Amino acid sequence: MSALIEMQGVTKSYGSFTALDNVTLSLSGTSPSMTAVAGESGSGKTTLARMMLGFINPSIGHVLYRGKDVAKMSGTEQRQFRREVQPVFQDPFDVFNPFYRIDHVLETPVKRYKLADTQAGARAMIEDALKRVGLRPQDTLGRFPHELSGGQRQRVMVARAVLLRPKLIVADEPVSMVDASLRATILDELKTLNRELGISIVYITHDLTTAFQICDNIMILYRGTVSEAGSVERVIGAPKHPYSQLLVSSIPLPDLDKTWGSDEVPVSEASAARANPGCKFAPRCPHVMEMCWDNVPPKYVPDSQRLATCFLYRDAPVAPGDDVAVVFRPPDGPVAVAAS
Ligand code: ADP
Ligand code: MG
């Protein structure tokens, strides 16, 4: 059984700069999952999203959709991929043409993919999709983009994705431009789509709190590398990587709206000055050891539900094939190490 989507040793470089470094990840092709990709600004989240969506190709490695290399698909395969893997972006206003009514952005995919035979059929599909994201069709259709709130526009974008009955939605910071009061509702709706329609969701965020609330699994990126990954209970509940520990300790628990990553970890001048081919986190790490400067840590598996790219766990086994999926918990399933 092939995975829904897989990244195999994916690196993306821009000149000498590496935006994403050797990421391996696979999402189950049988159990629709909710996976968070988290990290501070510039950690490579959008680069990862764009590769999953086939918008850019890896410099090294492969992205496979149902076992097919996204960079080498035939026209027919590509058409199916484009329909089944849908993006939801940060700022929906950019996607709307201000001169067209909201209906246009919903009718276009229905026509392009011939989803309905009749006008009435198309209308029924669009209304169903709007209701699934908590919008009343009569309050939404016939309006212009500027007549809707940011939250409503974002829901229209989710409805547009839902129309196509995708297998995967890649949502890149989908609520960061939405009013705080609406964020939780929209994220809950994504979770409902996952559970009711079996759509897998990759939720990209810099907010650990919402990742914990809606996702099964999480992957934390630090400067393009995976620092820790596994079930949200383990990684956020009891982080092992020093970077995750710093992030989690900077969330004040009563304030759910606080985003993390804003508190810069101090770097001592001596460690900042030291160029290192080893662990990228070494200059900021409170537990840095001599070996960290010259060696890149592999993905250690300190317990069955997580891996940590850190030499503190060098007595633990290394993830087979460097694969993050080995520690991803199946949604609502038994806690176990999945076969890789
Ligand atoms: P995030 O979404 O986590 O904030 P991005 O994936 O957007 O991070 O960017 C990661 C790094 O890659 C950033 O330092 C960014 O400047 C760089 N980067 C992204 N896209 C390009 C590009 N097209 N050309 C050059 N550098 C890029
Ligand atoms: Mg981004």
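Which residues are exposed on the other side of helix 4? Ala-120 and Lys-131 are exposed there, where exposed means over 50% relative accessible area, buried under 20% and partly exposed in between (1.4 Å probe, protein chains only).

## Basis of the model

This is a predicted model, in which local features need pLDDT of at least 70 and side-chain atom pairs count only at pLDDT 80 or more, while totals for chains, interfaces and linings use all residues. Residues are numbered from 1 along each chain as its sequence is written, chains are lettered from A and ligands numbered from 1 in the order in which they are written, and side-chain values use heavy atoms, with hydrogens and water left out.

## Helix 4

Helix 4 covers residues 119-132, and its 14 residues reach 20 Å from first C-alpha to last, close to the 20 Å expected at 1.5 Å a residue; that expected span is 1.5 Å times one less than the number of residues. Helices here are DSSP runs (H or I, at least four residues), numbered from the N terminus.

The buried residues of helix 4 are Ala-122, Ile-126, Ala-129 and Leu-130. Seen down the helix axis they fall within an arc of 100°, so they line one face of helix 4, the arc being that of the directions from the axis to the C-beta atoms. Helix 3 (102-112), helix 5 (137-140) and helix 6 (150-163) are among what covers these buried residues, and just after helix 4, Gly-134 takes a positive phi of about 80°.

## Cysteines

The structure holds 0 disulfides, a disulfide being a pair of cysteine sulfur atoms within 2.5 Å. Cys-310 is in no disulfide, and the nearest cysteine sulfur, that of Cys-285, is 6.0 Å away. Cys-310 counts as buried because its relative accessibility is 8%, and Cys-215 counts as buried at 4%.

Technical notes:
Helix = DSSP H or I, 4+ residues; strand = E, 2+ residues; numbered from the N terminus. Contact = heavy atoms within 4.5 Å.
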